[in-house]
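Here is a short note for someone opening this structure for the first time. Please read it with the model in view.

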Amino acid sequence: MSTTIDSTRFGRIEVAPDSAIVFPHGLVGLDSRTFTLIARAQDDAFVWLHSLEDPALALPLADPRRFFSTFALEPAPTEGAAIYVTVRASERIEEFTANLRAPLVIADGVGQQVINEAPGAELRAPLFAELAAAAAEQAA
Amino acid sequence: MLIITRRPGERIVLGDDIVLTVMEISGQTARIGIAAPRELPVYREEIWEAVKAENQAAASVDPDALPPVPPPVAGD
């Protein structure tokens, strides 16, 4: 039996039972334990971590390695775990940031928000800085 | 709040599986050792507050605010 969420952002979504992700300790400051990942389009740079308990709770996540070539996570996660970072939006693209300090580690349907002790793991790392630099280099 | 006086080397036990040890006190600084189950999150308070603020900011993002991102370069 799949469950449905009436997402305030995305409308009605069917969620397969095996796609639930449980965060036993939740996410700091958010009142939900069970989520699922939603991709709006294949190859989208962002996925949404959507609560299965609160139709209004969803966070955009990014794969940190797509935006930060030097991203490292310490202590290292278990092998095969998926790593995401939360994204903070802004009106200006230069002000979009990702939280490299507290990534989400997801493995086997269980998620955890961990504190990244790697040097340079910023709380608000400019999300598009590398892409902008690469584009500028290409244009030059 | 429960207030307990401890000397360096002394411990406080919370429940069955959390032990706090006062490692060292030097001036205004106390070093605390924490032995807790691996899955139990332990945060410095200021980091906890900062992560909370980032999570809540992320939770308020409008999907339409996210710009398109060029696909990753092949072989990257």
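1. Start with two rings. Phe46(A) and Phe67(A) are both buried. Keep in mind that this is a predicted model.

2. How are the rings of Phe46(A) and Phe67(A) arranged? Their centres are 5.9 Å apart and their planes meet at 25 degrees, so the pair is stacked. The pair links distant parts of the chain. Phe46(A) sits in strand 5 of chain A, Phe67(A) in helix 1 (residues 64–67) of chain A, and 21 residues separate them.

3. One aromatic cluster is made up of Phe46(A), Phe67(A), Phe96(A) and Phe128(A).

4. Now the core. The largest nonpolar core contains 28 residues. Phe46(A), Phe67(A), Phe68(A), Leu100(A) and Leu127(A) have the most contacts inside it. Strands 2 (11–15), 5 (46–51), 6 (58–62) and 7 (82–88) of chain A each give it two or more residues. Strand 7 of chain A gives the most, with 3 residues.

5. Look next at Phe68(A). Beyond its neighbours within four places in sequence, Phe68(A) is in contact with Ala98(A), Leu100(A), Ala125(A), Pro126(A), Leu127(A) and Glu130(A).

6. A second, separate core has 15 residues. Among them are Leu57(A), Leu59(A), Tyr84(A) and Ala58(B).

7. Phe23(A) lies in the loop between strand 3 (20–22) and strand 4 (34–39) of chain A, and Phe35(A) in strand 4 of chain A, so the pair ties together parts 12 residues apart in sequence. Phe23(A) and Phe35(A) are both buried.

Terms used: Residues numbered from 1 in each chain as written. Chains lettered and ligands numbered in written order. Predicted model: local features only at pLDDT ≥ 70, side-chain atom pairs only at ≥ 80, totals over all residues. Heavy atoms only, no water. Core = buried A, V, L, I, M, F, W, Y, C linked by side-chain atoms within 4.5 Å. Buried < 20%, exposed > 50% of the residue type's maximum accessible area, 1.4 Å probe, protein only. Helix = DSSP H or I, 4+ residues; strand = E, 2+ residues; numbered from the N terminus. Contact = heavy atoms within 4.5 Å. Phe/Tyr/Trp six-rings, centres within 6.5 Å; stacked < 30°, edge-to-face > 60°.
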